[in-house]
Amino acid sequence: MANRSEEAEYENDSRRNHQDKKKEGVLDLVLKRPIRWLRMLIEELHWSFFFGVIVVYGVSQGLGKGLSKVSTQYYFKDEQKIQPSQAQIYVGLIQIPWIIKPLWGLLTDVVPVWGYRRRPYFVFAGVLAMISMMVLWLHTNLHLALALSCLVAGSAGVAIADVTIDACVTQCSISHPTLAADMQSLCGLSSSIGSLVGFSLSGLLVHLVGSKGVYGLLGVTAGLLVVVGMVLKESPSRSLGRKHVNEKFLDAGSAIWKTFQYGEVWRPCLFMLLSAAVSLHIHEGMFYWYTDSKDGPSFSKEAVGSIMSFGAIGSLVGILLYQNFLKNFPFRNVVFWALSLSVLSGFLDLILVLRINLKLGVPDYFFIVVDEFVSHMISRIKWLPLLVLSSKLCPAGMEGTFFALLMSIEHVGHLMSSWGGGVVLHALKVTRTQFDNLWLVIVIRSLLRVIPIGLVFLIPNVDSNSTILPAEMLTNRRSEGVDTEKIEMTALISDEA
């Protein structure tokens, strides 16, 4: 009997030890490991860089995107009372400041203001975004043209802040190549968490204060960009004369042209342009259908916001999957499989619009949140390797300009897809109240997603630890800028004084 009692006690102790180890493993995965990762990034890169990423990607882009997307959709639908095809075109117009990102990048790279190359651009971006949002909030019966101008100006403020922090990320990717994927994961995590919070609150806020009231809140959040510009530690450089600035512009153009002559650079750029252009955006048509009381589910403002929050969760999961399991795989392989899954996920909208889900007993809300989650997760997995690749294609000394140029190429593709989606919605007579041909729009969009799969050969078959550009393009301009010109923001990657 004593032996049996001892054996039972031993088994209970073993079981408890196993459970304790399991709990400790889960705690390490969920809490301790992320904290160690964040601490490592702060120590390796500089606290001001970390703070800038959180504010720009997490608050300005993430939270701002979550709040502005829903409020703008309702603003166009309820305040301006325009058709979904028109709204799709106007959404493309709002993205124009992102297309001219190379201009912002060139300015921040070669034109210091009062001796600083980053801080003044953060301040200017914040002020511009604040003023435009306040006009939308305070002005009643605003004309459509003026409203669009304010939305474009607000988008420009976010774009300027984005290209400035992108320059810092790219510069750190060159100086810390092994952390390139980690930095993009940090940016993506900040953006996704901010988007999750923004989308979760957007519907409720639009219901409580209206779409214009949300613009007022966005004006307040834009003020954090000014704070970044004020607290960012940056070593001042000597002012450049007009002649010297002109020379720097010519040097920048020469460096850009030289870099684009490499096949490893222009081929993935062509892929980003074509893959984005043929993936038609029909978000506004789907939004009008979501809120329609006759043909659609007639979702409330709170429901629309919560649906989009699941998209943000999917994006966050995609980042975690890439960071933990996919970042060491070749870029080409990851993009290929993500594109293949994207084709299949595109047909989920078809099941929804044809109401097949109801025949199967699946409620609209449940089906839509699954659709949003899956599509955003796949989209993020597809886009992250391209971001990491882009950061490795930038010559030293021109990080902001060239990375902005690469991103603007992708935004041109998105503009074409947004306008193409608007044309298709208009051609197939999808209006505020007519959705008979929306299913055909979805079929066309989903079939066009097959095209980029045949273009993945344009992506270099290398992983995130590889160096793509020649060594002289990663060192010559940077050493010249730091040693003789003193225009590189070395404080971002140096130890705090």
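Here are some notes on this predicted model, point by point.

1. **Ground rules.** Residues are numbered from 1 along each chain as its sequence is written. Because this is a prediction, local features need pLDDT of at least 70 and side-chain atom pairs count only at pLDDT 80 or more, while totals for chains, interfaces and linings use all residues; side-chain values use heavy atoms, with hydrogens and water left out.

2. **How confident is the model?** Start with pLDDT, the predictor's confidence in each residue, from 0 to 100. The chain has a mean of 80, and 84% of its residues reach 70 or more. Among the elements, α18 has the highest mean (93), and helix α19 (residues 471-485) has the lowest (46). Helices here are DSSP runs of H or I with at least four residues, strands are runs of E with at least two, and both are numbered from the N terminus.

3. **A stretch to read with that in mind.** Over residues 476-497, pLDDT stays under 50. The model still has 63 contacts beyond four places in sequence for this stretch; a contact means heavy atoms within 4.5 Å.

4. **Salt bridges.** Side chains of opposite charge can pair when their charged atoms come close. The cut-off used is a side-chain nitrogen of Lys or Arg within 4 Å of a carboxyl oxygen of Asp or Glu. How many salt bridges does the structure hold? There are three.

5. **Arg445 and Asp349.** These two side chains meet in a salt bridge at 3.1 Å, N to O. The pair links distant parts of the chain: Arg445 sits in helix α18 (residues 438-448) and Asp349 in helix α14 (residues 348-353), 96 residues apart. Both Arg445 and Asp349 are buried, where buried means under 20% relative accessible area, exposed means over 50%, and partly exposed is in between (1.4 Å probe, protein chains only).

6. **Lys77 and Asp78.** Here the salt bridge spans 3.9 Å, N to O. Lys77 has 16% relative accessibility, so Lys77 counts as buried. Asp78, at 32%, is partly exposed.

7. **Asp364 and Phe299.** Asp364 pairs with Arg355, their closest N and O atoms being 2.6 Å apart. Asp364 is buried, with a relative accessible area of 11%. Asp364 also touches Phe299, whose other contacts include Tyr74, Tyr290, Val304 and Ile368, leaving aside residues up to four places away in sequence.

8. **Where does Phe299 sit?** Phe299 lies in the loop between α11 (283-290) and α12 (301-326). Its relative accessibility is 14%, so Phe299 is buried. Phe287 is twelve residues away from Phe299 in sequence, and their C-alpha atoms are 9.6 Å apart.
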